[in-house]
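Look at the sequence and the model side by side.

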Amino acid sequence: MSKLKDKLAGLIPAMRDDIRSFIKEHGSKEVSKVTLKQVYGGMRGVRAMVCDTSVVPPDKGLIIRGIPLKELFEKMPEEIFWLLCTGELPSSDELKDLQDEYRKNGGIPDYVWKVLEAMPKDAHPMCMLDTGILAMEGESKFRASYTKGARKEEYWESTLEDCIRILAILPELAAGIYRMRYNKGPRIAPDPSLDWGAGYVHMLGVDDPDGTFAKLMRLYLTLHSDHEGGNVSAHTCHCVGSALSDPFYAISAGLNGLAGPLHGLANQECLKWVLEVMDKFGGVPTEKELEKFAWDTLNSGKVIPGYGHAVLRITDPRYDAFHAFGAKYCADDPVYQTVALVFKVVPGVLKQVKKIADPWPNVDAGSGSLLYKFGLTEFEYYTVLFSVSRTMGMASQLIVSRAWGEPIERPKSSTTKWLKDQIGA
Ligand code: NMX
Ligand code: MLT
């Protein structure tokens, strides 16, 4: 048994009992009211689901299992996955054991590459990633054990095994897609001596002579890992998983949601926007030029990517972390300088638009300029990096919900006529 499985086996019975008795004792109490605006407004702020891996207070940003993100910047992404699943950071033995599990569970079957090679040459990298994960669904241990008649209390175990398998292959799959999609030459085999983040950089084949890109990659994978349960990717994964679809189905579904421009795809859109600005003004623009460009974007009916958030009402601490990394390693880089100028100018513009609830940068505003600087210039690929990381959050949420036996998700919808009758409108 892996140390993570062992640890969870020790924690889960008490967690399950606690949640069951909590529901039994207090199940009829009210936790949230729902207004008509929320019903029509993407359920914003409605508290109607559970996620114990992380929370996002609007005035603080991401807190993972009680630890504010800024205290986790230096952690390895593998440590974050352990933390998300168990509520504690791993010991060095536990970390090593999880890294060994990833190594043991690696290896992508040849048919997956054949499926990807058969796709159109201009397929979006996100479509390739989701297809690659889905193509491996036949391997699901959860599906096999469910078919054999596993008991509900055992579901989390095969869910964990599937999630470890997916996390183990993801950097290799994602890097292989990069090399295939952008004609970078043959795939690069995994190097078992490397950690999850550095191994991904190695397989991408991007030059990293002093290890700074690997440092950025670890930070990137840590920062994007989870963002409570209601974001589109986590919520989609959770909803699909609640039907007891296995993790290959649920995680690829969640990533399909991440591929939307209002969600994870904003990172590609954001760098595109920044490069357009630079192209138009022949380099780093002046504040005035940038302000006009921002107004032109808004007036043409488009969003300014990388700005605004459904929950946050401050600068996203994930943006702050990228900004600080850029100040340390990319201060002379014109793309980074433009991103920094956008941060200076755009909130002031967005504050003048009454309907915009949050004028501040989100996670997607700054990451692209750093990737670009380190040689990953194909910005259509950026959401794939987000995906590798976000899979940790989705996977841990799936494991935890299977562990306490969450039922199928099925909220009640209403017709407009019913709502009007109900309200007496
Ligand atoms: N640029 C232009 N308009 C905006 C922006 C923006 N950055 N942010 C919000 N608005 C608009 C929004 O489109 C909506 O307009 P309308 O009523 O005409 O549909 C109005 O302001 C009110 O929206 P909010 O209540 O402020 O935001 P909401 O919770 O609905 O949406 C986002 C949140 C993140 C979808 C929205 O801020 C946005 O589209 N931002 C740009 C895209 C982006 O950066 N997405 C990435 C989010 C983070 N991630 O990785 O997932
Ligand atoms: C995320 O990381 O999922 C995004 O910031 C979007 C969200 O939380 O809604």
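Which helix gives the most to the lining of the second largest cavity? Helix H15 does, with 3 residues. Keep in mind that this is a predicted model.

## The second largest cavity

This cavity has a volume of about 30 Å³. Its lining is made by Tyr319, Phe322, His323, Tyr336, Val339, Gly366, Ser369 and Leu370.

By class, the lining has 5 nonpolar residues and 3 polar ones. No charged residue takes part in the lining of the second largest cavity.

## The largest cavity

How many cavities of 30 Å³ or more are there? The count comes to 2. The largest holds about 80 Å³ of space.

Which residues line the largest cavity? They are Val50, Cys51, Asp52, Thr53, His238, Gln397, Val400, Ser401, Trp404 and Glu406. Helix H18, which spans residues 382–404, gives the most to this lining, with 4 residues. Sorted by class, the lining of the largest cavity has 4 nonpolar, 4 polar and 2 charged residues.

## Around ligand 1

Now turn to the ligand. Ligand 1 is surrounded by 21 residues. The closest are His263, Gly306, Tyr307, Ala357 and Asp364. How does this shell divide by class? It has 12 nonpolar, 6 polar and 3 charged residues.

## Polar contacts and cover

Arg44 places a polar side-chain atom 2.9 Å from an oxygen atom of ligand 1. Ile304 uses its backbone instead: an N or O atom there lies 2.9 Å from a nitrogen atom of ligand 1. Ala357 also takes part through its backbone, where a polar atom is 2.8 Å from an oxygen atom of the ligand. Ala357 is also one of the closest residues in the shell.

How much of ligand 1 does the protein cover? On its own, the ligand has 890 Å² of accessible area, and the protein covers 74% of that.

Technical notes. Residues are numbered from 1 along each chain as its sequence is written. Chains are lettered from A and ligands numbered from 1 in the order in which they are written. This is a predicted model: local features need pLDDT of at least 70, side-chain atom pairs count only at pLDDT 80 or more; totals for chains, interfaces and linings use all residues. Side-chain values use heavy atoms; hydrogens and water are left out. A residue is near a molecule or strand if one of its heavy atoms lies within 4 Å of it. A polar contact is a pair of N or O atoms within 3.5 Å; within protein, one must be able to donate a hydrogen and the other to accept it, and residues adjacent in sequence count only if both atoms are side-chain atoms. Accessible areas come from the Shrake-Rupley method with a 1.4 Å probe; for residues, only the protein chains shown count as cover. Ala, Val, Leu, Ile, Met, Phe, Trp, Tyr, Cys and Pro count as nonpolar, Asp, Glu, Lys and Arg as charged, and the others, Gly among them, as polar. On a 1 Å grid over the protein atoms alone, a cavity is a set of points where a 1.4 Å probe fits but cannot get out, and a pocket is an open set with protein on both sides within 12 Å along at least five of seven lines; lining residues have an atom within 4 Å of a point. Grid points are joined across faces, edges and corners, and a volume is the space filled by probe spheres set on the points. Helices (H or I, at least four residues) and strands (E, at least two) are DSSP runs, numbered from the N terminus.
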